[in-house]
Amino acid sequence: MKLSRRRALGATAAVALAAGSARAQAYPSKPVRLIVPYSAGGGADTTARLIAPKLQEALGQTVVVENKPGAGGMIGDEIVAKAAPDGHTLLIGAFAHAVNPSLFPKMPFRTPEDFAPVSLLVTVPELMVITPSHPAKTVAELVALAKAQPGKLSYASSGNGSAQHLAAELFKMRTGTDIQHVPYKGGALAVADVAAGHVPFYFGNMSAALPQARGGRVRPLAVTSPARSPAAPDVPTLTEAGVPDCEISEWNALIAPAGTPPAVIARLHMEVAKIMRAEEMKAKFADLGADAIGSTPDELAAFLRSEMKKWAEVVKAANIKVE
């Protein structure tokens, strides 16, 4: 009886394995949608449009990029969270995906429960920039000035709860400084006022802030990555500048709805990892100040847990509210 039962269980497992393999081979059976929860032209959109043609070639099926902006990225996230879990609707997740649960007590979906991680695609550090004419020439000088005049110094951000806002609040926590927040409706307006001298400094997405620094409109002070960026090798890290444990990167990841078959997740990961690790793709993202990654699903899951925990602590400590 025991032998018969073992044979039956083995046969069941073999059938399940064969079914999973068949699903992976049949996938995709129709066009694949890449949902970008932001407007065209931003970092997530750029990532999606760089990988879409390569993914289309690898899958042998049309891959369509769809921009679904609004509600801090939650409109696009909700579309994917509630989509059929068959791998045909995927999310280009971004920084806010891990931060929103701390900013919004009530959301129309659950993070991370309603999603299945596929791969971390790229990471992009922040570039700390200052008005060119500002007397502080280094991070240490800026910190000393802030401590000498508590509450007098200010920083710009692209809005409440943005990566730039959280980067500056983490900087304040690590340096023990009192610096006022001046939120703008977008990074372009923020960096323009820093360049004009209306607000002293700003943490900007490397891809957006680096061209401003190269053009001399702002002066770079530090990068928020663990190591110096190849795109700006002369700019020190915050750790080198005397502010340890202040790392922050914006990022994009490929995420599927929860319940997507493991075989489909594995196929997607395999193809995307190849794309992101290709020298051509690494070079394209390096030009934007970004690092192409191509992680495993488990690595992305661990990364998302870490990001959610880290920024929940910052949001609570800084009492950040989003209306």
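Biologist: Let's start with one side chain. Is Arg-33 buried, partly exposed or exposed?

Modeller: Keep in mind that this is a predicted model. Here Arg-33 has a relative accessible area of 27%, so Arg-33 falls between the 20% and 50% cut-offs and is partly exposed.

Biologist: And what does Arg-33 pair with through a salt bridge?

Modeller: The general idea goes like this: side chains of opposite charge can pair when their charged atoms come close. In this case Arg-33 makes a salt bridge with Glu-66, and their closest N and O atoms are 2.9 Å apart. Arg-33 sits in strand β1 (residues 32-36) and Glu-66 in strand β2 (residues 63-67), so the pair ties together parts that are 33 residues apart in sequence.

Biologist: Which residue forms a salt bridge with Glu-240?

Modeller: That's Arg-228, again with 2.9 Å between the closest N and O atoms. Both residues lie in the loop between β8 (219-223) and β9 (249-257), so this pair links parts twelve residues apart in sequence. Arg-228 is partly exposed, at 39% relative accessibility.

Biologist: Now a helix. Where do Lys-309 and Glu-313 lie?

Modeller: You'll find both in helix α11 (residues 297-318), four residues apart, which is about one turn of the helix. Lys-309 counts as exposed at 55% relative accessibility, while Glu-313 is partly exposed at 46%.

Biologist: Which residues do salt bridges with shared partners join into one network?

Modeller: Look at Lys-54, Glu-280 and Lys-284.

Biologist: How many salt bridges does the structure hold?

Modeller: Eleven salt bridges.

How values were computed
Residues numbered from 1 in each chain as written. Predicted model: local features only at pLDDT ≥ 70, side-chain atom pairs only at ≥ 80, totals over all residues. Heavy atoms only, no water. Salt bridge = Lys/Arg side-chain N within 4 Å of Asp/Glu carboxyl O. Helix = DSSP H or I, 4+ residues; strand = E, 2+ residues; numbered from the N terminus. Buried < 20%, exposed > 50% of the residue type's maximum accessible area, 1.4 Å probe, protein only.
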